[in-house]
Amino acid sequence: MKFVLIPDSFKGTLSSEQICEIAKEKVEKHFPGAETACVPVADGGEGSVDAFITALGGSKVTVKVKNPYFEDMDSYYGLINEGKTAVIEMASCAGLPLVEDRKDPRKTTTYGVGQLILAAAESGVEKIIVGLGGSSTNDGGCGAAAAVGVKFYDKDGKEFVPTGGTTADICKIDLSGKAEILNKVEIVTMCDIDNPMYGPTGASHIFGPQKGADEAMVLELDEGIKNLSRAITEAIGKDISEVPGTGAAGAMGAGMIAFFGSRLQMGIQTVLDTVKFDEMISDADYIITGEGKLDSQSLRGKVVIGIAERAKKQDKNVIAVVGGADIDKAYEMGVTAVFPINRLPQDFSISRHHSKENLAYTVDNVLRLIAAK
């Protein structure tokens, strides 16, 4: 027997690594000697580097970079696939926890992210995976671009490094000085949202408030991103403002396309490609996955559905163990069965404290049923 365990985290209760550990223990109990492949899913945010290293083996490389306020800090990237692929999570140097009580998306920068990308490229990797999520920034990736040699000029022809509050001052962008080594590396960006650059559903309006922006600041930031969009269009000859995901992480999604030639891809698809999922499941009997809540949002290609669609092509059994479920279409998309873990009619504020034992109990019962066949 072969089981592939590939769950997302249950946000705020269980990490994907913990879920893998619990499920693996139960598999070994009911199917001694069975092969288990564990792939904790990373969504691009904090913990993504560790998840990839856990799934594939690898190492962390420490790099001194700038934090969100241009102060020196130690950050890192991961090396996997025998050093051929680097994994970067922007939260490691531009994340919201790093600003603590200094939240102000007008002043924060993604400069450190660019430094990490450049360091990874210079280490000789062939591919870089950049995870967006959990950022404290709204600079459209301008800081990251400046770190790799892209130049920004104001109306007086003066060069500067734009932050969220000064993207409105960008008059011209010059891409000619960008580090040439980046042209030799494939860059993929993990991005699970489809917001455009600016406007009511754009970076500033949707994500600005959680980064410390009040109503007036949101409007200011949005105008800045709108101006950045104009400058990008002029620089690359293409308007990308409506491309789904360009509004991600303070419009970092747009910056990754415009300044790094990256493509935006759903996180789960990036994970599945990186771990060679299609090969991994070719001889699998059961795939056990899960996420905190299986709902209409899941149909956009989140973890469970992304896995199910791939597995369906090989006619594999996909069992989803979830915190809660409210969707029937999952079955049409390749999910064999769905098992919510909550055993009692309790409010989440209570049940969340019992997630570990509830998950273990549910997986145990699922495996008992399989064993009884």
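**Sheets, helix packing and salt bridges in the predicted model**

Phe3 stands opposite Thr36 in strand β2. The structure described here is a predicted model. The pairing of strand β1 (residues 2–5) with β2 is parallel and runs over 4 bridges. Both strands belong to an open sheet of 5 strands, in which the order is β2-β1-β11-β13-β15 and the pairing is parallel. The edges of this sheet are formed by β2 (35–38) and β15 (337–340), each of which pairs on one side only. From one strand to the next, the twist averages 20°.

Two helices were found lying across this sheet. Helix α11 (residues 303–312) lies across β11 (286–289) and β13 (317–322), and its direction is at about 165° to that of β11. Helix α14 lies across β1, β11, β13 and β15, running at about 155° to β13.

Helix α14 (residues 355–371) also packs with helix α1 (residues 16–30): the two axes come within 9 Å and cross at roughly 35°. The crossing of α1 and α14 is right-handed. On the α1 side, the contact is made by Ile19, Ile22, Ala23, Lys26, Val27, Lys29 and His30, which meet Lys356, Leu359, Ala360, Val363, Asp364, Leu367 and Arg368 of α14. By class, the residues of this contact comprise 8 nonpolar, 1 polar and 5 charged. Among the residues of the contact, Lys26 and Lys29 of α1 and Asp364 and Arg368 of α14 are linked in a network of salt bridges.

A second open sheet contains 6 strands in the order β3-β4-β5-β6-β9-β10, with mixed pairing. Its edge strands are β3 (59–66) and β10 (263–265), each pairing on one side only. On average, and with direction ignored, neighbouring strands of this sheet are turned by 30° against each other. Within the sheet, strand β4 (residues 72–80) pairs with strand β5 (residues 85–89) in the antiparallel sense over 3 bridges. Thr85 in β5 is the bridge partner of Ile80. Helix α4 (residues 111–122) packs on this sheet and touches β3, β4, β5, β6 (127–131) and β9 (186–190). The direction of α4 makes about 135° with that of β3.

In total, the structure holds 17 salt bridges. One of them joins Lys2 to Asp283, with the closest N and O atoms 2.9 Å apart. Lys2 lies in strand β1, whereas Asp283 lies in the loop between α10 (277–280) and β11, so the pair ties together parts that are 281 residues apart in sequence. Lys2 has a relative accessibility of 8% and therefore counts as buried. Asp283, at 46% relative accessibility, counts as partly exposed.

Another salt bridge is formed by Arg106 and Asp104, and the closest N and O atoms of this pair are 2.9 Å apart. Asp104 is buried, with a relative accessible area of 8%. Arg106 counts as partly exposed at 31% relative accessibility.

A further salt bridge joins the side chains of Glu223 and Lys226, at 3.5 Å from N to O. Both residues lie in helix α7 (residues 215–236), where they are 3 residues apart, about one turn of the helix. An α-helix has 3.6 residues a turn, so residues three or four places apart point the same way. Side chains of opposite charge can pair when their charged atoms come close. Glu223 is partly exposed, with a relative accessible area of 45%, and Lys226 likewise counts as partly exposed, at 35% relative accessibility.

Helix α9 (residues 267–274) is mostly covered, since 6 of its 8 residues are buried. These buried residues are Gly267, Ile268, Thr270, Val271, Leu272 and Thr274. After α9 comes Lys276, which has a positive phi near 55°.

Terms used:
Residues are numbered from 1 along each chain as its sequence is written. This is a predicted model: local features need pLDDT of at least 70, side-chain atom pairs count only at pLDDT 80 or more; totals for chains, interfaces and linings use all residues. Side-chain values use heavy atoms; hydrogens and water are left out. Axes are lines fitted to C-alpha atoms, for helices over the stretch in contact, and angles run from 0 to 180 degrees between N-to-C directions. A crossing is left-handed if the near helix is turned anticlockwise from the far one by less than a right angle, and right-handed if clockwise. Contact means heavy atoms within 4.5 Å. Ala, Val, Leu, Ile, Met, Phe, Trp, Tyr, Cys and Pro count as nonpolar, Asp, Glu, Lys and Arg as charged, and the others, Gly among them, as polar. Two strands pair if DSSP finds at least two bridges between them. A salt bridge is a side-chain nitrogen of Lys or Arg within 4 Å of a carboxyl oxygen of Asp or Glu. Buried means under 20% relative accessible area, exposed over 50%, partly exposed in between (1.4 Å probe, protein chains only).
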